[in-house]
Amino acid sequence: MIYNNWQKNKEFNFRCYGTMKVINDHLVYLSQWEQLTLKVLREMIDKEGYRNEGLLKILKNSKGFFEEQHTLLEKERANIPYDFTTRYFTIVSAIHSVTVAYDQLIEEPGDPDRYETLVNQMSYCNKIIKVFNKNTTQYLKNVEKKYKIKDFY
């Protein structure tokens, strides 16, 4: 019975390990995307002002990327470890807040306050992602050590 329980825990941790590696990679990519988007937004606003077609195109493409990442994270939530549930939903909620800020900005592209809201939401989301990834990396190291997992990739 003890062996069965250990085996069950091992299988669960292997599943969580794989999911957390995937989530960690996607969140690193999302964080880089946020930084790049903020840089491009600031440059375009400084050069051309708030109302232009290129800026709206960038906003719509970037919003699509955030929606894809939000959908992916929603699908992966069943395999996250219990210790990360609250933090995970905080990230999902922050990403959703960014997409809502995108929607508001696309509706009223000439309002500078909408841009400020988007920048604040993205900065907050980026901060949470960095902390989550730091904690995830520690979790992955602990699972690798405990179950002697070797990542060959």
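This note walks through the predicted model in numbered points, from the whole chain down to single residues.

1. **Ground rules.** The model is predicted: local features need pLDDT of at least 70, side-chain atom pairs count only at pLDDT 80 or more, and totals for chains, interfaces and linings use all residues. Residues are numbered from 1 along each chain as its sequence is written, and side-chain values use heavy atoms, with hydrogens and water left out.

2. **Overall fold.** The chain has four helices and zero strands. Read from the N terminus, the order is α-α-α-α. Helices here are DSSP runs of H or I with at least four residues, strands are runs of E with at least two, and both are numbered from the N terminus.

3. **Overall dimensions.** The C-alpha trace spans about 65 × 25 × 20 Å along its principal axes. The radius of gyration is 19 Å, whereas a compact globule of 153 residues would have one near 15 Å. That radius is taken over C-alpha atoms, and the globule rule is 2.2 Å times the number of residues to the power 0.38.

4. **Surface and contacts.** Buried residues make up 37% of the 153 residues. Buried means under 20% relative accessible area, exposed means over 50%, and partly exposed lies in between (1.4 Å probe, protein chains only). The chain exposes about 9,600 Å², and carbon and sulfur atoms supply 52% of it. These areas come from the Shrake-Rupley method with a 1.4 Å probe; for residues, only the protein chains shown count as cover. Of the contacts with a separation of 6 or more, 78% join residues 24 or more positions apart. A contact means heavy atoms within 4.5 Å.

5. **The core.** In soluble globular proteins, nonpolar side chains tend to be buried together. The largest nonpolar core in this model has 40 residues, and Leu27, Leu59 and Leu118 have the most contacts inside it. Such a core is a set of buried Ala, Val, Leu, Ile, Met, Phe, Trp, Tyr and Cys residues joined through side-chain atoms within 4.5 Å. The elements giving two or more residues to this core are α1 (2-48), α2 (53-76), α3 (85-107) and α4 (112-147). Helix α4 gives the most, with 12 residues. What does leucine 27 touch? Beyond four places in sequence, leucine 27 touches Leu73, Ile91, Ile95, Ile129, Phe132 and Asn133.

6. **Helix α1.** Threonine 19 lies in this helix. Its relative accessible area is 6%, so threonine 19 is buried. Leaving out residues up to four places away, threonine 19 touches Glu76, Asn79 and Ile80.

7. **Helix α2.** The 24 residues of α2 should span 34 Å at 1.5 Å a residue, and its end C-alpha atoms are 35 Å apart, which agrees. The expected span is 1.5 Å times one less than the number of residues. Its buried residues include Leu55, Leu59, Lys63, Phe66 and Leu73.

8. **Helix α3.** This helix has 23 residues and reaches 33 Å from first C-alpha to last, close to the 33 Å expected. Among its buried residues are Ile91, Ile95, Val98 and Tyr102. An α-helix has 3.6 residues a turn, so residues three or four places apart point the same way.

9. Tyrosine 88 is buried because its relative accessible area is 1%. Beyond four places in sequence, tyrosine 88 is in contact with Ile23, Leu73, Glu74, Glu76, Arg77, Ile80 and Phe132. Threonine 99 is also buried, with a relative accessible area of 8%. Outside its sequence neighbours within four places, threonine 99 contacts Lys63, Phe66 and Glu67. A polar atom of the threonine 99 side chain lies 2.7 Å from the backbone oxygen of histidine 96. A polar contact is a pair of N or O atoms within 3.5 Å; within protein, one must be able to donate a hydrogen and the other to accept it, and residues adjacent in sequence count only if both atoms are side-chain atoms.

10. **Helix α4.** This helix has 36 residues and reaches 52 Å, close to the 52 Å expected. Aspartate 111 caps its N-terminal end, with a side-chain oxygen 3.2 Å from the backbone nitrogen of aspartate 113. Just after α4, lysine 148 takes a positive phi of about 55°.
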